[in-house]
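Here are my notebook entries, written for someone opening this structure for the first time. Have a look along with me.

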Amino acid sequence: RGFWAFAVLQWLTGGLGICLCYHRLLTHRSFSLWKPLEYFLAVFGCLAYQNGPIKWVAIHRLHHAESDRPNDPHSPTRGFWWAHMGWLFAFDETLDQYEQYQAYAPDLARDPVYRFLNATHGWYQVILGLILYAIGGWPFVFWGVFLRTVFMWHCTWLVNSASHTWGYRIWATGDKSTNNWWVALLTYGEGWHNNHHAFLRSAAHGLAWWELDFTYFTIRALAALRLASHIQLP
């Protein structure tokens with residue numbers, strides 16, 4: 001039962017919260033979503049414990065603006081482990097002070113709901129832990145909070161490190177982004193990173209028929225339910 005708590009929450013927080021909501025919806029506006037559902041999925045993003053929505057989006061937009069150049073927050077040009085997780089341990093005024101990083105996500109900073117989620121994002125993990133403990137005790141907390149959170153951290157970080165180091169390139173994007181199939185499998189399609197850097201607003205990252213992109217499949221399912229619209233493609 002603990003494993004299934006891990007599996008379901010890993011999809012809800014990583015697949016829907018980070019990949020679909022934080023990344024493709026909030027950062028790149030690859031599609032539009034019914035606003036209450038957008039806010040609901042942003043809470044799942046908070047539960048991934050990878051920062052609040054304003055900070056996450058700001059860092060990722062800065063990454064694209066400066067990809068693999070000196071001001072890129074997590075480029076492997078400074079070393080693989082720096083790109084993977086080392087950058088998180090270094091204080092950076094641009095990334096760690098709200099007054100500065102909110103300039104990269106002014107659309108979200110104007111929204112009081114996102115300001116609230118950004119300020120309180122850490123507490124939702126605590127609330128989830130208490131709920132899981134009430135349902136299944138410490139095994140649920142271990143699988144559903146600790147193991148799931150660390151697993152999703154490394155999956156997300158692999159997009160920054162492995163998908164700028166190993167894989168194949170189709171598009172001359174001016175950076176080191178690559179398409180990496182095993183990162184794509186771990187991250188619901190985010191590993192088709194060279195495609196993404198070539199077409200930033202595309203809701204689909206997997207462009208060839210064999211480049212499986214489960215996040216895009218989910219977006220199409222939401223569109224079929226008339227919950228998503230204005231889907232951007234290359």
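Which helix supplies the largest share of the lining of the largest cavity? I found that α1 does, with four residues. I am working with a predicted model, where local features need pLDDT of at least 70, side-chain atom pairs count only at pLDDT 80 or more, and totals for chains, interfaces and linings use all residues. Residues are numbered from 1 along each chain as its sequence is written, and side-chain values use heavy atoms, leaving out hydrogens and water.

**Entry: the cavity.** I searched the whole structure and got one cavity of 30 Å³ or more. On a 1 Å grid over the protein atoms alone, a cavity is a set of points where a 1.4 Å probe fits but cannot get out, and lining residues have an atom within 4 Å of a point. The volume of the largest cavity is about 40 Å³, as the space filled by probe spheres set on the points, which are joined across faces, edges and corners. Its lining includes Trp11, Leu16, Tyr188 and Phe214. Both α1 (2-27) and α11 give at least two residues each to that lining; helices are DSSP runs (H or I, at least four residues), numbered from the N terminus.

**Entry: Leu212.** I located Leu212 in the loop between α10 (193-198) and α11 (214-224). What does Leu212 touch beyond four places away in sequence? I noted Gly189, Trp192 and Phe217, with contact meaning heavy atoms within 4.5 Å. Leu212 and Gly189 are 23 residues apart in sequence, yet 6.3 Å apart in space, C-alpha to C-alpha.

**Entry: Tyr133.** Lastly, I placed Tyr133 in helix α8 (residues 112-161).

Terms used
On a 1 Å grid over the protein atoms alone, a cavity is a set of points where a 1.4 Å probe fits but cannot get out, and a pocket is an open set with protein on both sides within 12 Å along at least five of seven lines; lining residues have an atom within 4 Å of a point.
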